[in-house]
Amino acid sequence: MLERTLSIIKPDAVAAGCTGKILAMIEEAGFRILALRMQRLRREQAEQFYEVHRGKHFYESLVRFMTEGPVVVMALEREDAVARLRDLMGPTDPAKAGEGTVRKLYGTNIERNAIHGSDAPETAERELRFFFSTSELV
Ligand code: GDP
């Protein structure tokens with residue numbers, strides 16, 4: 001079934017000049033880009049986006065990382081988009097990621113791991129609404 005997901009190219013990968021290469025991987029993997037924007041997250045946005053992690057040992061550091069420079073947020077569509085994007089990304093820790101995954105290629109460590117992708121269809125819909133209005137998702 002056609003499905004949508006939310007992805008973010010994180011500040012480490014944008015700063016390293018890997019935006020274009022990651023977008024190419026995403027398109028070559030069969031995703032259609034429905035919407036895309038470069039922006040710098042405000043602290044409150046990053047805190048709210050990662051609300052489920054509030055209280056965890058890495059929360060403060062994660063919020064600081066996600067606000068340190070611009071990110072690229074995008075809405076993506078394809079069959080089983082959520083699971084297929086997670087496959088393309090690789091696991092949270094780049095050290096455990098398979099060859100050819102975004103995190104293996106461009107991630108540095110468990111925090112600075114280059115890319116975000118929604119972890120479930122319900123999360124995806126919430127995260128899409130967080131960044132995009134309905135009229136932007138064309
Ligand atoms: P994801 O779905 O693979 O992005 O992983 P999570 O939802 O569990 O975590 C969200 C983000 O928090 C990750 O992508 C990392 O940037 C960061 N993160 C997760 N676990 C850790 C950790 O143990 N230490 C640190 N410093 N950051 C973490």
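In which pocket does the ligand sit? In this predicted model, the ligand sits in the largest pocket, and the residues of the shell around it divide into four nonpolar, four polar and four charged.

**Ligand and its shell**

- The residues around the ligand are Lys10, Tyr50, His53, His57, Phe58, Leu62, Arg86, Thr92, Arg103, Ile110, Glu111 and Asn113.
- Among these, Lys10 has a side-chain N or O atom 2.8 Å from an oxygen atom of the ligand, and Arg86 likewise places a polar side-chain atom 2.8 Å from an oxygen atom of the ligand.
- For Asn113, the distance between a polar side-chain atom and an oxygen atom of the ligand is 2.9 Å.
- Of the 540 Å² of accessible area that the ligand has on its own, the protein covers 80%.

**Aromatic rings**

- Four aromatic pairs are found when the whole structure is searched.
- The pair formed by Phe130 and Phe131 has ring centres 4.9 Å apart and planes at 75°, and it is edge-to-face because that angle is over 60 degrees.
- Phe131, with a relative accessibility of 5%, counts as buried because this value is under 20%, whereas Phe130, with a relative accessible area of 24%, is partly exposed.
- Ring pairs join Phe130 and Phe131 with Phe49 and Tyr50 in a cluster, and Tyr50 is also one of the residues around the ligand.

Conventions: Residues are numbered from 1 along each chain as its sequence is written. This is a predicted model: local features need pLDDT of at least 70, side-chain atom pairs count only at pLDDT 80 or more; totals for chains, interfaces and linings use all residues. Side-chain values use heavy atoms; hydrogens and water are left out. A residue is near a molecule or strand if one of its heavy atoms lies within 4 Å of it. A polar contact is a pair of N or O atoms within 3.5 Å; within protein, one must be able to donate a hydrogen and the other to accept it, and residues adjacent in sequence count only if both atoms are side-chain atoms. Accessible areas come from the Shrake-Rupley method with a 1.4 Å probe; for residues, only the protein chains shown count as cover. On a 1 Å grid over the protein atoms alone, a cavity is a set of points where a 1.4 Å probe fits but cannot get out, and a pocket is an open set with protein on both sides within 12 Å along at least five of seven lines; lining residues have an atom within 4 Å of a point. A molecule sits in a cavity or pocket if more than half of its atoms lie within 2 Å of its grid points. Ala, Val, Leu, Ile, Met, Phe, Trp, Tyr, Cys and Pro count as nonpolar, Asp, Glu, Lys and Arg as charged, and the others, Gly among them, as polar. Rings of Phe, Tyr and Trp (its six-membered ring) pair if their centres lie within 6.5 Å; planes under 30 degrees apart count as stacked, over 60 as edge-to-face and the rest as tilted. Buried means under 20% relative accessible area, exposed over 50%, partly exposed in between (1.4 Å probe, protein chains only).
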